[in-house]
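Subject: Structure handover

Hello,

Here is the structure I said I would pass on. My notes follow below it.

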Amino acid sequence: MMTWQDKLRQVDPYEAGEQPQIKDLIKLNTNENPYDPGIKVKEAIQCFQSSELALYPNPDADELKHVIAKYHGLNDNQVFLGNGSDEVLALTFLTCFNGQEPILFPDISYSFYPVYCHLYHIPFQKQPLNELFEIVKEDYYQPNSGIIFPNPNAPTGCLVSLEFIEDILKHNSNSVVVIDEAYIDFGGQSAVPLLKKYPQLLIIQTFSKFRSLAGIRLGVALGNPELISKLYDVKNSFNSYPIDRLAQVIGKASMEDSEYIQNNAQKIIKTREWLKKELKDLGFVMPDSYANFVFVKHPEYDAETLFHELRARGILVRYFNKERINQYLRITIGTQEQMQKLIEEIKFIL
Ligand SMILES: *Cc1c(COP(=O)(O)O)cnc(C)c1O
């Protein structure tokens, strides 16, 4: 006989980076933006009437959707919104990856992808990055039920060109190809222009990194209207109102402050390039990152030990105890002052 426990779903969940409540900790472990979301967001929050919260929000966040569509030069019916891009990804896996063949993604990539596959029983095959942590495009020419990878990749920071993405699209006209652009605004070129030519392309972005809004949970999918409408059908079979009223207002205010936000990204890029050089001078090796983090290894110093030593000195970075990358640390780019403190502490430890 089956007990009630036997009838429970067993899953291995994604392990998010820790969010400790320690004062004065320099938090460089989950790729948050060190800068304020901006004055427009602040004003929007101050003007927000709490009485509005008694009513359900607009189910598809139409006004916010419109400003996002305009920003990218797309039509409103090419934009889908979700409660963080993690939710957009969850709905994308459920909507797009329903074939018999496995879906394909890199062996070193966002570790949420295999979790969704297990949750939905989607077969998948991990394609190994080469020794330089680059995606090998020929690995994506075989029959599949879908392809997904971040660009720039996480946690490596490696960027591929639009020609590279177009080549994969040309070899995969019968599968949805998802590009997760969580970090695209830190020096990459978005695949949005390819949407005109490739109806099977889906691009996912987030307000969490570039727009300093990890706290409100807002994610975006951009794609062809037919694909986007299927996402809405699945979303409406799950949760009619994923974006709350306050998030809709804040998201819109952020879109109207894009110049300020772009300026913050420029500061982060400048700090990143400074940090790369400092770390290289100390003997670290790393793939060339185009994201708001670096992924580094020291040939003579154990990564996990360094992780603990930094933590003891009030600096939290990310360590993944996983095959191929267990000698690396992923360090989020904070302010220039935070990075100077990081370099000081690393010098002391080494
Ligand atoms: C941070 C991140 C996300 C999730 O972003 P949220 O919108 O905060 O859920 C998705 N994909 C990648 C590759 C990320 O690094």
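In which hand of crossing does α3 pass α4, left-handed or right-handed? The crossing of α3 past α4 is right-handed. Please keep in mind that this is a predicted model.

Helix α3 covers residues 85-96 and helix α4 covers residues 112-120. Their axes lie 10 Å apart, and the packing angle is about 45 degrees. On the α3 side, the residues in contact are D86, L89, A90, L91, F93 and L94. They meet F112, Y113, Y116, C117 and Y120 of α4. Sorted by class, this contact between α3 and α4 has 10 nonpolar residues, one charged residue and no polar ones.

The other item is E181. E181 sits in the loop that runs between β6 (177-180) and β7 (201-206). Its relative accessibility is 1%, and the limit for buried is under 20%, so E181 counts as buried. Leaving aside residues up to four places away in sequence, E181 touches N151, Q189, S190, A191, I203, I204 and Q205. With one of these, Q205, there is also a polar contact between the two side chains, at 2.9 Å.

Regards

Technical notes. Residues numbered from 1 in each chain as written. Predicted model: local features only at pLDDT ≥ 70, side-chain atom pairs only at ≥ 80, totals over all residues. Heavy atoms only, no water. Helix = DSSP H or I, 4+ residues; strand = E, 2+ residues; numbered from the N terminus. Buried < 20%, exposed > 50% of the residue type's maximum accessible area, 1.4 Å probe, protein only. Contact = heavy atoms within 4.5 Å. Polar contact = N/O pair within 3.5 Å; in protein donor to acceptor, adjacent residues only side chain to side chain. Axes fitted to C-alpha atoms, helices over the stretch in contact; angles between N-to-C directions. Left-handed = near helix turned anticlockwise from the far one by under 90°. Nonpolar A, V, L, I, M, F, W, Y, C, P; charged D, E, K, R; others polar.
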